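Reader: Please take me through the salt bridges in this model. I want to know which side chains pair and how exposed the partners are.

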Amino acid sequence: MKRKVIAAALVGTLALVGCTSQPAETVDETPVIEDATMEEEPEEAVEEETEPDVKTAAVGEPITYAANTGGSFIVTVDGLEWSQLATDNSGFGDGYYMGFLLFTLTNDGVDTSTPSMRLGRMWLEDADGVTVSPANTGFSYGEYGLGFDYSFELYEDGQTVRVAVPFMLREGSTDYTAVVDGVRVPLTLTEGDRPIA
């Protein structure tokens, strides 16, 4: 009987222990993600930058150059030539030669009270787009008068002149662009044989 009482007491104790020492609840450590629909921000319309229209002209094509004083000049780029004779007489060092930007210009209603004028919105660029400065020396080149720093003389409305702007150019460079009042004229340097004066 004593064994039955001990066994019963042991079972009761175990039952009590079982009731009071249940394993702790497991806590789900996974973060709760709310079921929310993510609203995507509407993409703003990206305005594409429109590149300005690049105006081009060919050698020999007339270009209207608006003069600041009213009227305009009609400029025709005739080419870009280098001269061995001019190079030999220029004093340039080895690796350089004298080249001439050649153009024909007509006065179309520009006031000529001051006949000496200059084309301030005309220049020459090399293949890298860098402006090439005119040489500080030069010659008249054949039928083209010396146009140091894009200067020339016109005396009357309707008068036409040929102008040669001299440049010190690097040997081996052949691709250039003349820019005339925003109009780009692609040029290839060629050797010329006009006399110099």
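Author: Start with a cut-off: a residue is buried under 20% relative accessible area, exposed over 50%, and partly exposed in between. Aspartate 149 has 27% relative accessibility, so aspartate 149 counts as partly exposed. This is a predicted model.

The structure holds 5 salt bridges.

Next, glutamate 125 and arginine 184. Their side chains form a salt bridge at 2.7 Å, N to O. Glutamate 125 belongs to strand S6 (residues 122–125) and arginine 184 to strand S12 (residues 183–188), so the bridge ties together parts 59 residues apart in sequence. Glutamate 125 is buried, at 9% relative accessibility. Arginine 184 is partly exposed, at 28%.

Now arginine 194. It makes a salt bridge with glutamate 143, with the closest N and O atoms 2.8 Å apart. This pair links distant parts of the chain, 51 residues apart. Arginine 194 lies in the segment after strand S13 (190–192). Glutamate 143 lies in the loop between strand S7 (131–132) and S8. Arginine 194 is partly exposed, at 21%. Glutamate 143 is partly exposed as well, at 44%. Through salt bridges with shared partners, Glu81, Glu143 and Arg194 form one network.

Conventions. Residues numbered from 1 in each chain as written. Predicted model: local features only at pLDDT ≥ 70, side-chain atom pairs only at ≥ 80, totals over all residues. Heavy atoms only, no water. Salt bridge = Lys/Arg side-chain N within 4 Å of Asp/Glu carboxyl O. Buried < 20%, exposed > 50% of the residue type's maximum accessible area, 1.4 Å probe, protein only. Helix = DSSP H or I, 4+ residues; strand = E, 2+ residues; numbered from the N terminus.
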